[in-house]
Amino acid sequence: MGESVLQMRNITKSFYGNKVLANIDFDLQKGHVHAIVGGNGAGKSTLMKILTGIYTKDSGEITVAGKGVDFHNYSDANAAGIRMIFQELSVIQTLTVVENIFLNHEEKKWGFNDDKAMQDHAEKLLAKLGIDVPVTEKVSNLSVGYCQMIEIAKALSEDVKVLVMDEPTASLSDMEVTQLFKIVRTLKSEGVSIVYISHRMNEILTIADEVTVLRDGKRIITEDAKKLTISGIINYMLGDAEKNAFEYHEREKYHDQSAMIEIEGLCVDNLVKDVSFQVHRGEIVGLAGLMGSGRTEILEALFGIRKIQNGTVKIQGKSVDLKNTKKAIASGIALVPEDRRREGLVLSHSLKDNLLIGLFQRVKTKLLIDERKLRKISEESIKQLNIKAENIETTISSLSGGNQQKVVIAKWLKNDPKLFLLDEPTAGIDIGAKGEIIKIIENYANQGNSVIVVSSEISELLAMCDRIIVLVNGKKSRELTRSEMKNEEIIQHAIQG
Ligand SMILES: Nc1ncnc2c1ncn2[C@@H]1O[C@H](COP(=O)(O)OP(=O)(O)OP(=O)(O)O)[C@@H](O)[C@H]1O
Ligand SMILES: [Mg+2]
């Protein structure tokens with residue numbers, strides 16, 4: 001047993017009479033990584049938001065370094081050396097990288113902000129994290145992966161004793177995860193204690209010393225990571241619930257193998273360079289690559305968010321001009337974006353109203369909205385995707401991260417697109433629901449629709465794709481057929497160029 005840095009005892013929390021944590025105990029040792037795992041809505045983020053003063057507990061005790069504490073807000077927790085990297089990214093889009101990193105704790109000289117010192121410091125932090133982006137860049141120009149890295153840099157810009165990482169790797173590819181783990185190991189060796197929340201089981205066993213499993217607000221077990229296996233953890237997580245391990249199932253080829261989309265010589269903003277490929281009806285094609293390889297930019301260009309500088313796109317044989325989102329939707333294209341907060345959902349609205357945004361065509365009778373039809377479709381979505389929400393009037397901001405992601409998928413599926421563009425569709429989704437979502441995507445393709453999917457989880461691409469296109473620095477470097485996709489290493493090797 002190491003030296004205990006914090007203890008949580010008998011923590012209980014309800015939201016509007018709905019108990020989401022019941023008598024939870026949690027311990028953290030100095031220089032250890034303690035992982036918390038559990039299905040979507042199990043209570044992981046809530047427990048850590050209680051620790052960091054963001055939510056108040058209903059009852060229970062928290063002890064830090066041997067002293068009872070009661071943090072009333074996040075700054076109280078910061079003052080005690082406790083920081084959190086939030087699942088829902090908290091970087092401010094209109095600020096630069098360095099401004100975000102030092103927001104609320106600017107470095108000063110003679111009472112003024114010392115820009116030079118902050119830039120130097122920020123550059124060092126980013127170099128340590130292995131990311132190559134100018135510190136004066138506006139965050140709104142960066143992809144989610146980079147935003148995650150900036151969150152991490154922000155947390156490390158001050159002294160920390162306890163660092164809570166709530167799904168820090170949701171949109172990082174394996175190489176970036178490796179880099180992050182190096183940093184986690186350095187922090188450990190410096191005596192920092194880390195709480196690590198992730199749905200990626202292989203990460204848990206690689207990095208954690210202890211694992212706590214939560215299910216429906218209850219602690220199922222806390223165990224030494226060395227004594228656990230992935231399937232053992234999944235069993236604790238899901239209990240008797242259906243376990244949908246995801247593995248590739250050979251699918252019948254759709255009878256009409258004509259091209260759904262033909263992309264020729266696509267160039268986008270210097271980030272995508274002369275990329276050509278086709279996707280056939282009934283086919284699921286993956287785009288694999290590292291952060292900055294142009295994956296997301298291809299999807300955004302096809303959805304009319306980014307300007308296509310050069311190249312042609314045909315949908316079912318006809319040239320289309322995808323100059324804005326409206327045109328893309330009219331051509332039968334839908335996008336589930338990487339960052340649901342930026343583009344996918346209106347957080348302050350109800351689940352039902354968010355579905356409505358995608359459903360307009362189907363529930364509109366003349367100018368009136370058919371409320372009954374909308375309710376019915378909303379309730380079907382909750383069932384079909386197993387969304388954990390009180391009811392369809394629940395506001396999106398009160399759903400757990402993974403459940404928010406399911407609403408984005410539901411929103412677009414219900415609109416019957418022909419070509420579905422998915423950017424990290426299962427980021428933050430628990431392992432039980434992942435298999436479910438992959439099945440839904442396969443069924444969708446089986447009906448003659450097509451899918452282009454970006455995922456930084458190779459295992460997920462392997463589980464659903466009929467073909468993988470590998471991108472390196474904005475160029476197509478390889479195309480892997482199903483028979484060439486033998487294992488993760490082959491793809492891993494390919495994406496590194
Ligand atoms: N601000 C809030 N208001 C009302 N309910 C909330 C709020 N925050 C969380 N909840 C509810 O508490 C439960 C636990 O949510 P929490 O976000 O802790 O889950 P989680 O384990 O982090 O899940 P995920 O893996 O999806 O992120 C969920 O049922 C969620 O809807
Ligand atoms: Mg969470």
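This is a predicted model: local features need pLDDT of at least 70, side-chain atom pairs count only at pLDDT 80 or more; totals for chains, interfaces and linings use all residues.

Reader: Into which domains is the chain divided?

Author: The assignment gives domain 1 (4-238) and domain 2 (259-495), and 28 Å separate their centres, taken over C-alpha atoms. The contact between them takes 33 residues from domain 1 and 28 residues from domain 2.

Reader: How much area do domain 1 and domain 2 bury between them?

Author: The size of an interface is often given as the accessible area lost when the parts come together. Here domain 1 and domain 2 bury about 2,300 Å², 53% of it on carbon and sulfur atoms, and Asn40, Val144 and Asp174 supply 24% of the area on the side of domain 1, more than any other three residues.

Reader: How many salt bridges and polar contacts lie between the domains?

Author: The count is two salt bridges between domain 1 and domain 2, while seven residue pairs are found in polar contact across the interface. Helix H5 (144-156), helix H6 (174-189) and H8 each supply at least two residues of the side of domain 1 that touches domain 2, and H5 gives the most, with five residues.

Reader: Which residues of helix H8 are buried?

Author: An α-helix has 3.6 residues a turn, so residues three or four places apart point the same way. In H8 (residues 230-238) the buried residues are Gly232, Ile233, Ile234, Met237 and Leu238, and they pack against strand S3 (33-37), helix H7 (201-207), strand S11 (210-215) and helix H15 (431-446). Just after H8, glycine 239 takes a positive phi of about 60°.

Note on methods: Residues are numbered from 1 along each chain as its sequence is written. Chains are lettered from A and ligands numbered from 1 in the order in which they are written. Side-chain values use heavy atoms; hydrogens and water are left out. Buried means under 20% relative accessible area, exposed over 50%, partly exposed in between (1.4 Å probe, protein chains only). Helices (H or I, at least four residues) and strands (E, at least two) are DSSP runs, numbered from the N terminus. Contact means heavy atoms within 4.5 Å. Domain bounds come from an automatic or database domain assignment. Buried area is the accessible area (1.4 Å probe) that two parts lose on being put together, summed over both. A salt bridge is a side-chain nitrogen of Lys or Arg within 4 Å of a carboxyl oxygen of Asp or Glu. A polar contact is a pair of N or O atoms within 3.5 Å; within protein, one must be able to donate a hydrogen and the other to accept it, and residues adjacent in sequence count only if both atoms are side-chain atoms.
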